[in-house]
Amino acid sequence: MAFTREEILRRLHAQIAAGRPIVGAGAGTGISAKFAEAGGADIIIIYNSGRYRMAGRGSLAGLLPYGDANGIVVEMASEVLPVVKQTPVLAGVCGTDPFRLMPVFLKQLREIGFSGVQNFPTVGLIDGNFRANLEATGMGYDKEVEMIHLAHQMDMFTSPYVFDADQAREMTRAGADQLVAHVGLTTSGSIGAGVALTLDEAIAKVMEIAEAGRQVRSDIIVICHGGPFDEPDQVGVALKRMPGIAGFFGASSIERLPTERAIRAQVEAFKSLSLAS
């Protein structure tokens, strides 16, 4: 079921007013989405890395040429949208895709039943010479900003990933409704990132991003994601130290980490049984 931008914002601001965190949940499968909704997720987001993640690959697989990211999110829609009844679902859109007419593609996503978009795969996770050359050859972060602006003009809810203060300002000017302050790949579990900011560094970065966004528009919603923000206890500690940060977006934290633990524990429990003698 698609929701209007106005309805999503009303719901999110109601959560904030009640003192409850906004929780966005990444879903790579229909069952992940179904039970994220059952757990009370405010927003569900699907994108190619969700599929790769639940296939046992690292999230960075979504940035490599293993499949058509925008095609995959359309395929995933048929698995996720029919089982999610009361929660807005956002599409992860590869805004740098040079083979898509973005206004046409965004219209298609809206007609399929998506309520909004996020910029993923994103070149924000890429640095160095490769990033510089992407920017120089027309496949840079500015294309993601442009995609968010187009979606905003179409009155879709927009919740982009931002990685620094400049991007926070750019995305807010483009019309973003909610900024997701991304501090790096999630670290925990069997395929988590090996390099991450400390919790103190991550908190400082989120606050810097939030301040920059609010310099452009004071009512911008800001939530955190990634790096050391992995488990509920850790995120709870962080949120208490980040006034004005409205919640958390979890992808690996929502579906991969619980799945790893639950399946392993269930198999171990069966293996601990004894046969009749």
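**Entry 1**

I take buried as under 20% relative accessible area, exposed as over 50% and partly exposed as in between, with a 1.4 Å probe and protein chains only. The model is predicted, so local features need pLDDT of at least 70 and side-chain atom pairs count only at pLDDT 80 or more, while totals for chains, interfaces and linings use all residues. Residues are numbered from 1 along each chain as its sequence is written, and side-chain values use heavy atoms, with hydrogens and water left out.

I then looked up ring pairs. Rings of Phe, Tyr and Trp (its six-membered ring) pair if their centres lie within 6.5 Å; planes under 30 degrees apart count as stacked, over 60 as edge-to-face and the rest as tilted. I found 4 aromatic pairs by this rule. For Tyr 47 and Phe 120 the ring centres are 4.5 Å apart and the planes are at 40°, so this pair is tilted. Tyr 47 sits in the loop between β2 (43-46) and α3 (48-54), and Phe 120 in the loop between β4 (116-119) and α6 (128-136), so the pair ties together parts that are 73 residues apart in sequence. Helices (H or I, at least four residues) and strands (E, at least two) are DSSP runs, numbered from the N terminus.

Phe 120 also pairs with Tyr 161: the centres are 6.1 Å apart and the planes at 75°, so I noted this pair as edge-to-face. This pair too links distant parts of the chain, 41 residues apart, with Tyr 161 in strand β6 (residues 161-162). The relative accessible area is 4% for Phe 120 and 1% for Tyr 161. Ring pairs join Tyr 47, Phe 120, Tyr 161, Phe 163 and Phe 249 into a cluster.

What kind of peptide bond joins Phe 120 and Pro 121? I read a cis bond there, with omega about 0°. Pro 121 is in the loop between β4 and α6.

Gly 92 lies in strand β3 and is buried, at 2% relative accessible area. I listed its contacts (heavy atoms within 4.5 Å). Leaving aside neighbours within four places in sequence, Gly 92 is in contact with Ile 46, Tyr 47, Asn 70, Val 73, Gln 118 and Phe 120.

Asn 70 and Val 73 are among the buried residues of α4, as are Ile 72, Met 76 and Val 80. Elements covering the buried residues of α4 include α2 (30-38), β2, α3, β3 (89-93) and α5 (102-112). At the start of α4, a side-chain oxygen of Asp 68 comes within 3.2 Å of the backbone nitrogen of Asn 70.

I checked the helix length; the expected span is 1.5 Å times one less than the number of residues. The 12 residues of α4 (residues 69-80) should span 16 Å, and the end C-alpha atoms are 16 Å apart, which agrees.

**Entry 1: the core and Phe 229**

A nonpolar core is a set of buried Ala, Val, Leu, Ile, Met, Phe, Trp, Tyr and Cys residues joined through side-chain atoms within 4.5 Å. The largest one here has 80 residues, and Leu 106 and Phe 229 have the most contacts inside it. Helix α9 (residues 199-216) gives the most to this core, with 7 residues.

Not counting residues up to four places away in sequence, Phe 229 touches, among others, Leu 199, Ala 202, Ile 203, Val 206 and Ser 253. Leu 199, Ala 202, Ile 203 and Val 206 are among the buried residues of α9. The buried residues of this helix pack against β6, α8 (165-173), β7 (178-182), β8 (221-225) and α10 (232-240).

Ser 253 is in helix α11 (residues 252-271) and is buried, at 11% relative accessible area. The side chain of Ser 253 reaches the backbone oxygen of Asp 230 at 2.8 Å.

**Entry 2: other residues looked up**

Is Ala 38 buried or exposed? I noted Ala 38 as exposed, at 62% relative accessibility; this residue lies in helix α2. Asp 155, in the loop between α7 (141-153) and β5 (157-158), has phi near 65°, a positive value in a residue other than glycine. At 47% relative accessibility, Asp 155 counts as partly exposed.

Note on methods
A polar contact is a pair of N or O atoms within 3.5 Å; within protein, one must be able to donate a hydrogen and the other to accept it, and residues adjacent in sequence count only if both atoms are side-chain atoms.
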